[in-house]
Amino acid sequence: MTDDDLAARLRALARHRSILGAPGFSFGEWVDAGRNADGTLSLGWYRLSDAAEAFVRDVGGAGWIVPFDWPAWMATAEAQALVTDHARIAGASVEELSRLLTAIVRSDRFTEGSMAGAFESGLIGAILERAEVLAGEFGPTREGPAGTT
């Protein structure tokens with residue numbers, strides 16, 4: 001991966017910081033269980049806001065989700081330190097950010113609302129802040145042909 005590729009991946013994350021960090025921002029909402037019109041029962045679920053969905057799309061689209069044994073890694077002291085002490089994320093590597101994002105997104109498939117919990121705890125915000133700092137180390141965005149970055 002080139003420095004330009006890494007910078008683009010980091011900027012894809014960092015651009016969500018101001019939106020997700022805005023006062024009053026809602027990551028989503030719980031939809032209550034109930035009966036459907038046909039009489040079947042619908043379990044409750046968590047509906048992401050449009051901005052949260054855009055964040056998740058960018059996490060996947062920019063290559064932050066990587067195949068690895070994330071449940072085993074989440075049980076390590078390294079992962080638990082990052083999850084419970086967000087100040088440690090200020091020194092996290094790109095690989096650690098990728099592992100955290102993978103675990104956050106994948107865990108939501110098994111535990112409804114876990115991604116919302118990561119947002120509410122400040123974990124996602126700390127990751128976005130670190131991505132912004134790392135992206136800034138590459139300098140200002142360079143414009144490509146026809147105004148692309």
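Begin by selecting His16 and Asp58, whose side chains are joined by a polar contact of 2.6 Å; a polar contact is a pair of N or O atoms within 3.5 Å, where within protein one must be able to donate a hydrogen and the other to accept it, and residues adjacent in sequence count only if both atoms are side-chain atoms. The model is predicted, so local features need pLDDT of at least 70 and side-chain atom pairs count only at pLDDT 80 or more, while totals for chains, interfaces and linings use all residues. Residues are numbered from 1 along each chain as its sequence is written, and side-chain values use heavy atoms, with hydrogens and water left out.

His16 sits in the loop between α1 and α2 (17-20), helices here being DSSP runs of H or I with at least four residues and strands runs of E with at least two, numbered from the N terminus. His16 is buried, with a relative accessible area of 4%, where buried means under 20%, exposed over 50% and partly exposed in between, for a 1.4 Å probe and protein chains only. Leaving out residues up to four places away in sequence, His16 touches Gly21, Ala51, Ala54, Phe55, Asp58 and Leu128, contact meaning heavy atoms within 4.5 Å.

Next, select Phe27, Phe55, Ile89 and Ile124, which touch the most other members among the 36 residues of the largest nonpolar core. Such a core is a set of buried Ala, Val, Leu, Ile, Met, Phe, Trp, Tyr and Cys residues joined through side-chain atoms within 4.5 Å. The elements giving two or more residues to this core include α1 (3-14), α3 (50-61) and α6 (94-110), and α8 gives the most, with eight residues. If you centre on Phe27, its contacts beyond four places in sequence include Tyr46, Phe55, Phe119 and Ile124.

Now move to helix α6, where Asp108 is found. Asp108 is buried yet has no salt bridge, the nearest side chain of opposite charge being Arg109 at 7.8 Å; a salt bridge needs a side-chain nitrogen of Lys or Arg within 4 Å of a carboxyl oxygen of Asp or Glu, and for charge Lys and Arg count as positive and Asp and Glu as negative, with His and the chain ends not counted.

Finish at Ser114 in helix α7, which is partly exposed, with a relative accessible area of 22%. The side chain of Ser114 makes a polar contact of 3.0 Å with that of Ser107, and Ser114 also touches Ile104 and Asp108.
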